[in-house]
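Please look over the sequence and the model shown below before reading on. The briefing that follows goes through the folds, the surface patches and the charged pairs in turn.

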Amino acid sequence: MTALPPVAQSYVEDLERAAVELPARRRAALVESIREHLMEAAAEAGDDADALEQAILALGSPQALIAEASMPDQGDFGNGAHGGYGAPGARERAGPGAREWTTLALLAVGGIVVPVMGWFVGVALLWTSSVWSHRAKIIGTLVVPFGFALAFLLLVVPVSNSVSDCSTPADEPVRRFTSAPELPCGVGSGTSPVVVITLTGAVVLAEVGGLAYLVRSAAAGEGRLA
Amino acid sequence: MVGTAAAPVAELRRAVLPVCVLALIQRRSLYGYELARIMGQRPELLTSHGTLYPLLLRLEENGLVTSVWRPSPAGPRRKYYANTAKGSALLRQFRREWPNFVAAVDACLAGDLPMDGSP
């Protein structure tokens, strides 16, 4: 791709940064159009730096462009206000619809319903969605992997682990192996309940926060909650 | 969205800008920069050129315009926009309705409407 003059290039970069909230596809299309516009403007301006500066000013701020791009499309005949004009593209513009709610449900409890696998299906749906931005996808994946299943594990594992006999009498010189070799003694039974409960609470809070972010970004990016 | 009394002209611009785009590309297909230059002659329509691109994106998503990439004689390729049948139909409908709408608003502004409500 041909290089833009530095002032124009920095405008494009500002726009790319400001556009992280947009759904990935829309962001790419917007940046591409603006880049094309600036290419034309730069070719026309030639050596006239002022003319190029004017062309960049005429575009308006990147933030204003993003605001325009993330606005719901009332006014553009997208939602049946004019009867029947909104059909194509309507599916991917509807904010969280059935597909998005399924994704959210799988991310939250999929790992419990179908252990581990359910969550992965949720992640796959998340990453193939055109509603969520790249940033939202990363947050949705990394903020609490396995969703509430992780909190579930934190609570259940120490309890079941403490059932097995980990106690080592002080006078016993050789430490006995326990019946639960996959879980080292001390993770559960040795940890105080307060720590376990705090940790579980933190995981639950993070998960709720992550899900709320996904709902909000799907709604804000595309206009309305279905 | 309920129009705010604060900026009726801005609201109006947002509403009619898409139709203006449809009307211009009805004459021949245009690429974005060209469209910005043409509309930029009337700052009442296009306060900032950048606004055009999110609009074109939405029109395309809604199936009112289509676009094709074509090489340009000098420099990078250009994305040309044209109306779909649906876009043309919408434009025709708007062309029919707009004069009556303008006349009605003008009548209000000019004080030409009878105040007793009789026809």
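Where in chain A is the place of V114(A)? V114(A) is found in the loop between α5 and α6 of chain A, where helices (H or I, at least four residues) and strands (E, at least two) are DSSP runs, numbered from the N terminus. This is a predicted model, in which local features need pLDDT of at least 70 and side-chain atom pairs count only at pLDDT 80 or more, while totals for chains, interfaces and linings use all residues. Residues are numbered from 1 along each chain as its sequence is written, chains are lettered from A and ligands numbered from 1 in the order in which they are written, and side-chain values use heavy atoms, with hydrogens and water left out.

**Overall make-up of chain A**
- Chain A contains nine helices and zero strands.
- Of the 226 residues in chain A, 38% are buried, where buried means under 20% relative accessible area, exposed means over 50%, and partly exposed lies in between (1.4 Å probe, protein chains only).
- Helix α2 (residues 24-45) of chain A has 22 residues and reaches 31 Å from its first C-alpha to its last, close to the 32 Å expected at 1.5 Å a residue; the expected span is 1.5 Å times one less than the number of residues.
- After α2(A) comes G46(A), whose phi is positive, near 60 degrees.

**Surface patches**
- A nonpolar surface patch of about 1000 Å² has twelve members listed for it, among them V109(A), V114(A), V116(A), F120(A) and I197(A).
- The elements that give two or more residues to this nonpolar patch are α5 (98-113), α6 (117-127) and α8 (148-163) of chain A.
- Patches are made of residues with over 30% relative accessible area and no salt bridge, with like charges joined within 9 Å and nonpolar side chains (Val, Leu, Ile, Met, Phe, Trp, Tyr) within 5 Å; the areas come from the Shrake-Rupley method with a 1.4 Å probe, and for residues only the protein chains shown count as cover.
- V114(A) is partly exposed, at a relative accessible area of 45%.
- A patch of negative charge on the surface gathers D47(A), D48(A), D50(A) and E53(A), where Asp and Glu count as negative and the place of a charge is taken as CG of Asp or CD of Glu.
- D47(A) sits in the loop between α2 and α3 (49-59) of chain A, and D47(A) is exposed, with a relative accessible area of 84%.

**Positive phi values**
- Most residues other than glycine have a negative phi.
- V116(A), however, has a positive phi near 65 degrees, and V116(A) lies in the loop between α5 and α6 of chain A.
- F146(A) has a positive phi near 70 degrees, and F146(A) lies in the loop between α7 (134-142) and α8 of chain A.

**Salt bridges**
- Over all chains, the structure holds ten salt bridges, each being a side-chain nitrogen of Lys or Arg within 4 Å of a carboxyl oxygen of Asp or Glu.
- D14(A) and R17(A) form a salt bridge (2.8 Å, N to O), and both lie in helix α1 (residues 6-18) of chain A, three residues apart, about one turn of the helix.
- E32(A) and R77(B) meet in a salt bridge (3.7 Å, N to O); E32(A) lies in helix α2 of chain A and R77(B) in the loop between β2 and β3 (78-83) of chain B, so the pair joins two chains.
- E68(A) and R14(B) also meet in a salt bridge (2.5 Å, N to O), and salt bridges that share partners join E68(A), R14(B) and R58(B) into one network.
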